[in-house]
Amino acid sequence: MAGGGGGAAAERVAAAVEAAASGGWEFRNAYRRQLLALSRRIRLLGPFAEELREARGGAVEAEEERGREAALAPLADALEMALDLLRLGRDGSRIFLVLERDNIMKKFQGVIAQLEQALCDIPYDKLDISDEVREQVELVHAQLRRAKERADMPDDEFYNDVLSLYNKSYDPSAELDILQRLSEKLHLVTITDLTQESLALHEMVASGGGQDPGEHIEKMSMLLKKIKDYVQTQNPEMGPPIGTKLMDSNGEPRPVNIPDEFRCPISLELMKDPVIVATGQTYERVCIEKWLASGHHTCPNTQQRMTNTTLTPNYVLRSLIAQWCEANGIEPPKRSLQPNKPTLACSSSERANIDALLCQLCSPDPEEQRSAAAELRLLAKRNANNRICIAEAGAIPLLLSLLSSSDLRTQEHAVTALLNLSIHEDNKASIISSGAVPSIVHVLKNGSMEARENAAATLFSLSVIDEYKVTIGGTGAIPALVVLLSEGSQRGKKDAAAALFNLCIYQGNKGRAIRAGLVPLIMGLVTNPTGALMDEAMAILSILSSHPEGKAAIGAAEPVPVLVEMIGSGSPRNRENAAAVMLHLCFGEQQLVHLARAQECGIMVPLRELALNGTERGKRKAVHLLERMSRFLVQQQEEKEAQLLASAQAIPQNPEQVQETDIPEQLDSPSPQYPTVA
């Protein structure tokens, strides 16, 4: 005997449909209409996938199981092929996708044809599928059949504009009009848009595509540079045109903030020689080479295992950084002439200074210890090279020993130095492997307020790594963070909230946070009229609502009026988080109570508005909530009609039906509800 429903193929079908429905499918390119239609059709197969998965619980003969597997395998293959196309539309370079229009449209037609054929061949008689779901699948099949018969091509003008700039075949007098159209249609209007496009463009071109990567990327980099120059000229908030220096009212150079996209995720400093690793992330060459040389095989940003250690120069991003530097009067960073040669983290004199400070940490004189810890704290704050050098010199174990110091200032300097060191990814592992977490938690519980707040910030920095969430959560850090969230300064509360959010991403920590009393505290922040920490509170509430204990604790706090108000008038991110919490509450034991309360609070109007104008995640949550509310309202109406019908049937309809016992003993006046008797 075997499990029913098509076994592995049924699971693949369900997984693919869930992936398409899970969200994050923002399409900002020439194929937006086609991609949205494809993702919508796959999502419509959700009930079908659910019934396939439920049917797997039954027992069937092995031969029947093989038959179902063979019948569903083509659909699973087609759905996975469609998911690949959706990912390409979401993550791929917008310029590259337009230039590859013919190939992309062939992919669309191939996916649609394969899906249509797979749905055509489904043997409903062999699958335990309800008639209602079968009708929905047949509707999707009909839509795909119509889509297969016609080619829904993207805008020709759009394609010709890109092609003319790419091949330099345009009329110079029309260049500005072309650039305006492309900037709008490609959604390249901010420095973030342009940087994301540069990363996607380089990754796609470098991966092949049948053309020479060097020539291809040079021409497309030129095209992107033209768009970037146009956008920068048209949008002063992005900075002045290239060559203009920013000055203050006294004619002095004005400080500028480096865009996050130009900072290396490891050193947090402006990149000189950005390179792309196997996962598609970009880092400063020197930093990622040190990471790899120390034996790491994972991407620092995503924690994914890297399939190779190839470092591909990110020419487009390097060009954007150079242009940004020129526009802001900053000397463009110079690359090392020998990029593959390891560089020392600091000079010999700097290293000698650090070694002297470490000797002071070991001094029996408390004053010397305090002074050395304070100096190391400042050095570690200054730059990435100092962080590397201080850690390599062996400072971490010595600083840890000072966390139990009776001198609160020494303790404060030591934990803050560890915070600054933890910014460098390599140092995170060294801090954790040194057994630092219990000592940091000790400071979090017993230190001065500033030390406690910096201890919370250190835990937040360390908890970025998933495996460290487990380590930190098991040391008693969460109750101490909840206390700090209750009584710390505004900065301390913010650090505590950030650490708690990070830790609660791990399911095992959610229960600890709930039992530590986090939910009432968060509800207090959500209802705080000042709105302080509202964003952090709603994010934590959203993540806790997915836990059974969290849902119960939130439900006990009478949250529905607040959530409905937030859905209607909160910030975009808070609206989506409020909808997510509400959605969790509307399933489970108390769902009818929460649904009825939501109806009383008028949730339908703000939900409809969110479904139309919210963030992508907000729209999804709103649509699911609207469906749930609609079913509830229909159910309520049916129950009301059933009660009315039952009441009507209970009233005698004619005199012959009236029994003697039905007549009241006394009547002050004739009543229409009692028939008269002759």
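This is a predicted model: local features need pLDDT of at least 70, side-chain atom pairs count only at pLDDT 80 or more; totals for chains, interfaces and linings use all residues.

User: Why is His424 called buried?

Analyst: The relative accessible area of His424 is 5%. Buried means under 20%. His424 is therefore buried.

User: What makes Leu533 count as buried?

Analyst: Leu533 has 7% relative accessibility. The cut-off is under 20%, so Leu533 counts as buried. Leu533 sits in the loop between H26 and H27. Its phi is near 60°, a positive value in a residue other than glycine.

User: Is Glu558 buried or exposed, and how do you know that?

Analyst: Glu558 has a relative accessible area of 57%. Exposed means over 50%, so Glu558 is exposed. Its place is in the loop between H28 and helix H29 (560-569). Glu558 is not a glycine, yet it has a positive phi of about 50°.

User: Which residues of helix H25 (residues 507-515) are buried?

Analyst: They are Asn509, Lys510, Gly511, Ala513 and Ile514. These buried residues pack against several helices, among them helix H22 (466-473), helix H24 (490-504) and helix H28 (548-555). Just after H25, Gly517 takes a positive phi of about 90°.

User: What describes the packing of helix H32 (residues 604-613) and helix H33 (residues 616-650)?

Analyst: Two packed helices are described by the angle between their axes and the distance between the axes. For H32 and H33 the angle is about 145°, and the axes are 8 Å apart. The contact includes Leu607 and Leu610 of H32, and Leu626 and Met629 of H33. By class, this contact has eleven nonpolar, three polar and two charged residues. H32 passes H33 in a left-handed crossing.

User: Where is confidence lowest, and where is it highest?

Analyst: Strand S1 (residues 2-3) is lowest, at a mean pLDDT of 38. Helix H20 (residues 437-446) is highest, at 95. The protein chain averages a pLDDT of 80, and 83% of the residues score at least 70.

User: Which stretches have a pLDDT under 50?

Analyst: Residues 1-6 stay under 50, and the model has 28 contacts for them beyond four places in sequence. Residues 208-214 are also below 50. That stretch has five contacts in the model beyond near neighbours in sequence.

Note on methods
Residues are numbered from 1 along each chain as its sequence is written. Side-chain values use heavy atoms; hydrogens and water are left out. Axes are lines fitted to C-alpha atoms, for helices over the stretch in contact, and angles run from 0 to 180 degrees between N-to-C directions. Helices (H or I, at least four residues) and strands (E, at least two) are DSSP runs, numbered from the N terminus. A crossing is left-handed if the near helix is turned anticlockwise from the far one by less than a right angle, and right-handed if clockwise. Contact means heavy atoms within 4.5 Å. Ala, Val, Leu, Ile, Met, Phe, Trp, Tyr, Cys and Pro count as nonpolar, Asp, Glu, Lys and Arg as charged, and the others, Gly among them, as polar. pLDDT is the predictor's confidence in each residue, from 0 to 100. Buried means under 20% relative accessible area, exposed over 50%, partly exposed in between (1.4 Å probe, protein chains only).
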